[in-house]
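Below is a short report on one protein chain and its ligand. Please look through the sequence and the model before reading on.

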Amino acid sequence: MKRQPIAIFDTTLRDGEQSPGCSMQPQEKLRMALQLAALKVDVIEAGFPVASEEDFAAVSLVARRVKGPVIAALCRALPLDIDRAWAALKEAARPRIHTFVSTSDLHMTHKLQKTRAEVLAMTREGVRRAAGLCGDVEFSAEDATRSDLAFLADVVAIALEEGATVVNIPDTVGYTFPEEYRNLILALRERVPALERAVISVHCHNDLGLAVANTLAALEAGARQVECTVNGIGERAGNASLEEVVMALRVRGEHFPYETGIVTPELFRTSQVLSNITGVQVQPNKAIVGRNAFAHESGIHQHGMLANPMTYEIMTPESVGVKTSSLVLGKHSGRHALAQRYEELGYPLEKGTLEGVYKLFTDLADHKREIFDEDLIALLYDGITED
Ligand code: KIV
Ligand code: ZN
C-alpha cells in the first residue's frame, strides 16, 4: 500500500504557549524548537511576533538557529502584523508566513466588527502582502467549522488566488464531529477546485475531547498537514496531541495509508522537555507519554504481560522512547508480578515463601497506594520470620 506523506505542523510554541501556565522565554522556545527538530516535525510555528517584543525575539532566535523544519510565524491579516512576522522570520532557511482571519458570522460580527465583504477584502490584501514577502504562505479561516460554507469557500478561493500555498480549516473551538469535519473538507474541495493544488491543513481543538478523532477524519477527506502540539497543550482544553496523532497513524497503519516523518523514539523525551520547561506535568493517564501509559497494575493484566506484552499493549514502549513497561505493585497485583519483582531485586522466592509474602503484601496494599521496593524487602523478612 502506497502511503501518503502527512506533514506535522507543530504549534506548541504558539497555540500551545497560549495555554495558561505554559508561556516560554526565547531561550526556552529555542530549546524546545531544537527538540522538535530532532523529532523531525515538518513545520515549527514559533510564535506570534506582533504580540510582544519578547515573542518577536523568540521567533527570530528560532528562525536563525533551528535548521531542518520550516519555521512559521502567525499574524492577523493586517499589514503591521504581516510585516512584523516577516521581520522576525526573514533569516530562516525555510520561512512561512501564517496569516488568518475569522470567517464565522459570530466572530466577524462580535470580534472583528466587519462585514463579509470586508473580510473578503482583508483576505485578499493580507495574503497578497504576505505572498509578496515570502514564497510560503499559509492562510487560516478562523472558526471555519462554524462558518457559512459558501462564504468560507469564497474566502478560501481568494486566499488561493492571492498565492496561499497552504489552506488551514481550523476547528477553533473544538465544536465539530469527525463525520461533519470530513464532509466539510470534502465540500470545500468540491467547491474550490484550486484547493487541489494547495496543501489542506487541519487544526483541531479539544473542547469535546475529539481533536485527534477529528484530525484523523480530515486526513481521510484529503488534508495533508496536521497542526498539533506536544502533550496536547493549547487554548482551553488544548489542541490535537502530536504524539497521539502520530502513533494512531503508526499503530493503525492498515486503516490509515499515511505516514509522517516523526522519529517516534523521540516522543517521550520531547514530552519531558516541554514539561520541564513549563513546569506543567503531564496527566498520568495521558496516551503515549503519560506515566501510566505503559504501566500495569492488575494481576490479570500483569500475568498477560509476562506471557506476551501484546496481550495488553498495542505498541512497544521503546517505539515512543519509554525504556520499558512497568508492572506496578498495588492491591490489584497478583503473585506472578510479585514473584517477578522479587526476582529482579535478587530474591527468587520458593513457592511456599511466596504464598506467605503474598498475603502480607495484599494486607499492606490494602492500606498503601504505592508499594516500593523497600516495602517488599521488609515484607520478605517479615514473611521469613513468620515461616
Ligand atoms: O484555533 C485557531 O483557529 C487558530 C488559528 C489562528 C490557526 O489557532
Ligand atoms: Zn488554535
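UniProt places the feature "domain: Pyruvate carboxyltransferase" at residues 6-268, from an unreviewed entry; the position is in the numbering used here, the feature name is shortened, and such annotations may be inferred rather than shown by experiment. The model is predicted, and local features need pLDDT of at least 70, side-chain atom pairs count only at pLDDT 80 or more, and totals for chains, interfaces and linings use all residues. Residues are numbered from 1 along each chain as its sequence is written, and chains are lettered from A and ligands numbered from 1 in the order in which they are written.

Over residues 6-268 the chain is 43% helix and 18% strand, with the end C-alpha atoms 21 Å apart. Helices (H or I, at least four residues) and strands (E, at least two) are DSSP runs, numbered from the N terminus.

Strand β9 covers residues 225-228, and Q225 and E227 on one side and V226 and C228 on the other are all buried (20 or more other C-beta atoms within 10 Å of a residue's own, with C-beta atoms placed from the backbone). Two strands pair if DSSP finds at least two bridges between them. The pairings of β9 are as follows.

| Partner strand | Sense | Bridges |
|---|---|---|
| β2 (residues 7-10) | parallel | 4 bridges |
| β8 (residues 199-204) | parallel | 3 bridges |

I8 stands opposite V226 in β9, and H203 has E227 of β9 as its bridge partner.

Ligand 1 is surrounded by residues including D15, F100, H203 and H205 (C-beta atom, placed from the backbone, within 6 Å). Strands β6 (137-142) and β7 (166-171) each supply at least two residues of this shell.

Key
A residue is buried if 20 or more other C-beta atoms lie within 10 Å of its own, exposed if 12 or fewer, and partly exposed in between; C-beta atoms are placed from the backbone.
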